[in-house]
Structure formats: structure tokens, C-alpha cells
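Here are my notes on the model you sent. Please read them with the structure open.

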Amino acid sequence: MNKQDIKNLIALASGSFPSIQKTDLVQIGKTWEEMFGKYEYQLVRDALRTVLIYAKFFPSVSEIQEAINSLRSEQTNPKPIITDCPNCRGNGYLTIRQDGEERYCRCPCKAGERLSGWPTAPGWALDTSDIPF
Ligand SMILES: [Zn+2]
């Protein structure tokens, strides 16, 4: 990631916490650059988005790192048994549009079991005809 990527992530996170001080954001940006600069932007963005769904406080480095680790292990350990799920294609999660924003939620198939802390996808978002439970 470059500096602009970090700025985009900070903007995304601070949009969730409008009361945070600008001076704090400068320091947070430096820390994130140091800690997450080595990762791909899209990976860190996905991780941050999953953290923000639950965050009651501004996300910490460890929360984001945990989400990065979990996304990376999904990427490096695909489980072929579940890849024919019509909703998540074996990722275990899907993106839905709700209240005008994109949200991640857990697929009710076998792949989604790994994401037990996530909210389950609402029925209207799922093609339930063919889920390999
Ligand atoms: Zn699924």
C-alpha cells in the first residue's frame, strides 16, 4: 500500500467515528503505514471493513491484524468441498447491500462455519435452493 491507500483507509474508519480528532488520525496513519504497509490495499480494506461492522471504538492494530490473518488463511486454505456454494463460492461470506451500504455477512453453508462471530446473511440475500449444508 502507498500513503494514499492509507489515507483512504483512515477516511473509511474515521467515517465510522466522526468524533475522532484529526491529530489522532495523523498518528494512526503513521502507525498503520508501519504495521500494514506491506500488505495489499484490497486485503487491508476488506479486513478493516469486517472490523468496522462490529467496532464500538476506533479499530486497533490488533483487531485489523486479526481480520487480515483470517482473510489470508481463507485465501491460502481453500476448501474444495464447499466451492460449489452458489452464494459465497466457498469463501464463507458474502457482500450484501443494506441501508445503502455494502456489508459482509456469513454464509449459512459449511464454509461460513469458520466465521461464527459474523452476522448470518439474511434470507433474501441467499439462493437457498442448492446450499451444501
Ligand atoms: Zn456459502
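What percentage of the 133 residues in the protein chain is buried? Buried residues make up 24%. A residue is buried if 20 or more other C-beta atoms lie within 10 Å of its own, exposed if 12 or fewer, and partly exposed in between, with C-beta atoms placed from the backbone.

1. Basis. This is a predicted model: local features need pLDDT of at least 70, side-chain atom pairs count only at pLDDT 80 or more, and totals for chains, interfaces and linings use all residues. Residues are numbered from 1 along each chain as its sequence is written.

2. Overall layout. The protein chain has four helices and two strands. Their order from the N terminus is α-α-α-α-β-β. Helices (H or I, at least four residues) and strands (E, at least two) are DSSP runs, numbered from the N terminus. Along the principal axes, the C-alpha atoms fill a box of roughly 50 × 30 × 20 Å.

3. Domains. The protein chain divides into domain 1 (3–76) and domain 2 (80–130); such bounds come from an automatic or database domain assignment. Their centres, taken over C-alpha atoms, are 23 Å apart. Four residues from domain 1 and four residues from domain 2 make the contact. Two residues are in contact if their C-beta atoms, placed from the backbone, lie within 7 Å. On the domain 1 side, α3 supplies the largest share, three residues.

4. Largest core. A nonpolar core is a set of buried Ala, Val, Leu, Ile, Met, Phe, Trp, Tyr and Cys residues joined through C-beta atoms within 7 Å. The largest one has 13 residues, and L9, W32, V44, A47, L48, I64 and I68 touch the most other members. α1 (3–16), α2 (22–36), α3 (41–54) and α4 (61–76) each supply at least two residues of this core. α3 gives the most, with four residues. Look at L9: leaving out residues up to four places away in sequence, L9 touches W32, V44, R45 and L48.

5. Helix α1. The 14 residues of α1 reach 20 Å from first C-alpha to last, close to the 20 Å expected at 1.5 Å a residue. The expected span is 1.5 Å times one less than the number of residues. I6, L9 and A13 are buried in α1. They cover an arc of only 65 degrees around the axis, which puts them on the same side of α1. The arc is that of the directions from the helix axis to the C-beta atoms. These buried residues of α1 pack against α2 and α3. The face turned away from them carries the exposed residues Q4, A11 and G15.

6. Helix α2. Which residues of α2 are buried? They are I28, W32 and F36. Seen down the axis of α2, they fall within an arc of 40 degrees, so they line one face of the helix. T23, V26, Q27, K30 and E34, on the other side of α2, are exposed.

7. Y93. Y93 is found in strand β1 (residues 93–98). Y93 counts as buried because 22 C-beta neighbours lie inside 10 Å. Beyond four places in sequence, Y93 is in contact with C88, Y104, C105, R106, C107, G112, L115 and W118. Y93 and P108 are 15 residues apart in sequence and 8.7 Å apart in space, C-alpha to C-alpha.
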